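Here is a report on one protein model.

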Amino acid sequence: MARPRRIVLVRHGESTGNIDDTVYEREPDHALALTDLGRRQAEETGKTLREVFGRERVSVYVSPYRRTHETLDAFGLDADRIRVREEPRLREQDWGNWQDRDDVRLQKAYRDAYGHFFFRFPQGESGADVYDRVGGFLESLFRSFEDPDHPPNVLIVTHGLAMRLFCMRWFHWTVAEFESLSNPDNAEMRMLVLGDDDRYTLDRPFASWRDPVPHWTGG
């Protein structure tokens with residue numbers, strides 16, 4: 001099995017939805033573009049990625065959303081050294097179709113009270129639903145490692161929640177541990193690095209906004 005030396009997770013750059021939540025009333029979530037700042041953020045992250053990968057080959061998986069594709073494009077990676085696959089299971093959490101801003105804010109308040117992992121948006125998904133599809137992607141990813149010529153690097157361009165859930169599944173975090181962590185910032189990256197003991201470690205933790213609290217306590 002040709003396990004990659006690095007698995008790099010990157011959140012998309014700032015999108016129009018990150019600065020104006022009324023845009024969801026007019027445009028589909030999957031069609032939202034990067035802002036000018038978002039593209040600059042992605043370009044800066046691209047400089048780091050090019051240093052990390054050097055001249056090595058990279059297997060790239062990207063969410064089908066416009067903002068993730070634009071983020072990947074802004075990285076400026078060498079097209080001759082990357083293999084890009086669009087992966088729908090890495091998409092953002094579905095919150096419904098056209099989104100009313102006031103209703104979404106109310107649903108977010110319900111989610112905060114109920115728990116981010118278990119709360120399901122009325123016309124969308126729960127965190128648990130996203131966990132299941134990210135888990136399905138991970139199984140496919142593991143099977144790809146059976147190729148003896150698999151590239152030494154994997155790059156996943158996705159969304160903040162999917163990044164946390166990927167790591168939750170990989171490192172077997174509890175729901176309470178997941179709930180205690182914040183999303184990474186726009187264009188922020190995390191890297192799983194293969195060690196001499198044949199185990200992966202996370203290069204740096206996600207920011208934590210509270211100590212883990214078991215979900216059944218209601219805390």
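Strand S2 (residues 58–62) and strand S4 (residues 153–158) run parallel and are joined by five bridges. Strands here are DSSP runs of E with at least two residues, helices are runs of H or I with at least four, and both are numbered from the N terminus. Two strands pair if DSSP finds at least two bridges between them. Val-62 lies opposite Val-157 in S4.

This is a predicted model: local features need pLDDT of at least 70, side-chain atom pairs count only at pLDDT 80 or more, and totals for chains, interfaces and linings use all residues. Residues are numbered from 1 along each chain as its sequence is written, and side-chain values use heavy atoms, with hydrogens and water left out.

**The sheet**

S2 and S4 belong to an open sheet of six strands. The order is S3-S2-S4-S1-S5-S6, with mixed pairing. Strand S3 (82–86) and strand S6 (200–202) are at the edges with a single partner strand each, so one side of each has no neighbour in the sheet. From one strand to the next, the twist averages 20°.

Helix H6 (residues 160–171) packs on this sheet. H6 touches strand S1 (6–11), S4, strand S5 (189–194) and S6. Contact means heavy atoms within 4.5 Å. The direction of H6 makes about 150° with that of S1. Such angles run from 0 to 180 degrees between N-to-C directions, with axes fitted to C-alpha atoms, for helices over the stretch in contact.

S1 and S5 pair antiparallel over five bridges, and Val-8 has Met-191 in S5 as its bridge partner. S5 and S6 also run antiparallel, joined by three bridges. There, Leu-192 is partnered by Leu-202 in S6. Five residues separate S5 and S6 in a hairpin. Asp-198, in the turn, has a positive phi of about 65°.

**Two helices**

The expected span is 1.5 Å times one less than the number of residues.

| Helix | Residues | Length | Span, first to last C-alpha | Expected span |
|---|---|---|---|---|
| H2 | 36–53 | 18 residues | 26 Å | 26 Å |
| H4 | 101–114 | 14 residues | 20 Å | 20 Å |

Which residues of H2 are buried? They are Gly-38, Ala-42, Thr-45, Gly-46, Leu-49 and Phe-53. They cover an arc of only 120° around the axis, which puts them on the same side of H2. The arc is that of the directions from the helix axis to the C-beta atoms. Buried means under 20% relative accessible area, exposed over 50%, and partly exposed in between (1.4 Å probe, protein chains only). The buried residues of H2 pack against S1, S2, H3, S4 and S5. Asp-36 and Glu-51, on the other side of H2, are exposed. Gly-54 follows H2 with a positive phi near 55°.

In H4, the buried residues are Val-104, Gln-107 and Arg-111. Seen down the axis of H4, they fall within an arc of 60°, so they line one face of the helix. Asp-102, Asp-112 and Ala-113 are exposed on the other side of H4. Gly-115 follows H4, and its phi is positive, near 120°.

**Buried and exposed**

Thr-71 sits in helix H3 (residues 66–75). Thr-71 counts as buried because its relative accessibility is 0%. Leaving out residues up to four places away in sequence, Thr-71 touches Arg-11, His-12, Gly-13, Leu-34, Ala-42 and Val-157.

Asp-211 lies in the segment after S6. Its relative accessibility is 64%, so Asp-211 counts as exposed.
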